[in-house]
Amino acid sequence: MSLPSNTLHRTAALVLLSLAFGAAAQPTVPGPATATEAKPAGEPAFINSDLNAPLFYQLLLGELNVSAGEPGTGYSLILDAARKQKSPDLYRRAIDVALQARSGDAALTAARAWADEMPNSPEAKRFVLQILLALNRVTESGPVLQGILQNTSAIERNDVINAIPQTYARVTDKAATGTVVREALEPWLKQPAHAAAAWTTLGRMDLEQNRLPQALTAAREGHTIDPASPFPALLALELVERGQADAEVLVRQQLEANKTPSASSTAVALAYARILIDQERNSEARTQLQTLTTRQPELADPWLLLGSLQAQENDLPGATTSLGKYMALARKSGDERTARGLTQAYLLMAQIAEKQKDFPAANAWLDRIENAEDIMAAQLRRASLLARQGQMPQARALLRSQPERRVEDARLKLVAEAQLLRDFKQWQQSYEVYSEASARFPEDTDLLYDQAMMAEKAGKLTDMERLLRRLIAAKPDYHHAYNALGYSLAERNLRLPEAKQLIEKAVSLAPGDAYIQDSLGWVEFRMGNAARALSILQAAYNKRPDPEIAAHLGEVLWAQGQREQALKIWREGLLLSADNETLQGTLKRLQVKP
């Protein structure tokens, strides 16, 4: 049973208040027991909050305002209480209220108040940093980042430094980000304990801007200061994958410097072996893996990789031994990630048995694989690596070579191949594979829809319309088809009354779908009904913040002269997905840089 939304808000408010007031039972250190103080064994004592009645009422009033749709008033009351109580929980709540109301400035005010009140709180500073980045105020984030690094313990500082690229990943101004991060890391670039991590982070920021030579220089600087550190070596491996062959020497030197087995040296060696296999340098990969399995025979992953390589080289006895050791270790470990590799091991054992013409054994191994999708997911990742190195034919062959034990396995293979081609924007080839799949499974409406979508990407608009109309005829309640066809017409500014009729049909079939509402708003805008378009798009965006909806809503606002509001919406969209094609296309067409 679900509660009404207002009831849920009030329930949340009461839970929050009970925590703030200490109503929850908390154990205390007992003093000498007396007859009057005695409590039943195991019953915890209660700690009274120092919150007084006026503050209690203030918080309750704040939460009721939030639940009644007045977040501004509620925010002010809760933030004031947080300041009076110096309570991290209440500061978090004030920030949460502001973010739910989409008031980034208010959230930032609350986070800064928290950080000012509690200057030694790393959590408060992290909130300030995250909100600044969400507001795209990257230049203001430098001092905050510096403060976080300075207040972090030496033991944890490298982890914080290594997390910086991910923290700034969604910031669109990469050049400004690089400047801010470099200034923040300046004090740590010469310190032996942190220099490797700091230089690696700078290198990753260069990598984000596709500045490969600069990234390599940073990796070399970090490696020179600490040759045994895994951080520059892992960056070097990424550079090797991006075609910077000169980076490989750093990896070899790091492995040479780590004679004693450790988690870091293992991570580098295993990643290096995978890259060598992808580059078809099998002899070198085998040497790395044999070294790993000799030094650390208790690790499962190297055995799986070695067995896979041996099977590829037709060393069937060696592969059988390596895979047997992997399976024994994986079953004992209980580690979910390692256990997932059992699927790959079973598949390899089946292939070995098939090569030995032991077909009953091959079928027995295949029978152990419970989920065929797991197999295709693993193979699709490997195929993607091949394709990234310009080996798309080999990648497609890898997917095509997978065995088909059931009819649905054939569908799975074709979809995986089409998905791979789509990921690499090879629209025509993806369309052809979806066409093959659709012909093989003519009753599968989802395949027909995917084929139509790839027809549009491939520029085959006539084919797309034909396929969507065929889909509508076959399944009149397939709302995605009405929406796709209507949106395509609206996007091209063609047959707008018909486009609107198709989208309205989709709305009638799926009235709660925000993406269909987005299409309706867009066709209204194309037809000149800007006010109605704005209303529909704002409702769709409130229901589901999405970069594509943000692109359309922002353009309508822009066209009506609401430039600041448009920029705000576009910034939010970029935070959700910086590389969304519709959003990027809109900004480029309007020559706007939010």
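**Reading a helical model**

Guide: The protein has 32 helices and zero strands; helices (H or I, at least four residues) and strands (E, at least two) are DSSP runs, numbered from the N terminus. This is a predicted model, in which local features need pLDDT of at least 70, side-chain atom pairs count only at pLDDT 80 or more, and totals for chains, interfaces and linings use all residues. Residues are numbered from 1 along each chain as its sequence is written, and side-chain values use heavy atoms, with hydrogens and water left out.

Visitor: What percentage of the 594 residues count as buried?

Guide: Buried means under 20% relative accessible area, exposed over 50%, and partly exposed in between (1.4 Å probe, protein chains only). Here 46% of the 594 residues count as buried. Alanine 559 belongs to helix H30 and is exposed, because its relative accessible area is 53%.

Visitor: Which residues of H31 are buried, and what covers them?

Guide: An α-helix has 3.6 residues a turn, so residues three or four places apart point the same way. In H31 the buried residues include Ala566, Ile569, Trp570 and Gly573. Their cover, judged by contact (heavy atoms within 4.5 Å), includes helix H6 (122-134), helix H29 (530-543), H30 and H32.

Visitor: How much space lies in the second largest pocket, and which residues are closest to its centre?

Guide: On a 1 Å grid over the protein atoms alone, a pocket is an open set of points where a 1.4 Å probe fits, with protein on both sides within 12 Å along at least five of seven lines; lining residues have an atom within 4 Å of a point. The second largest pocket holds about 1,200 Å³, a volume being the space filled by probe spheres set on the points. Among its 37 lining residues, Glu456, Lys457, Tyr487, Glu548 and Thr582 are the closest to the centre. Elements that give two or more residues to this lining include helix H24 (445-457), helix H26 (479-491) and helix H30 (547-559).
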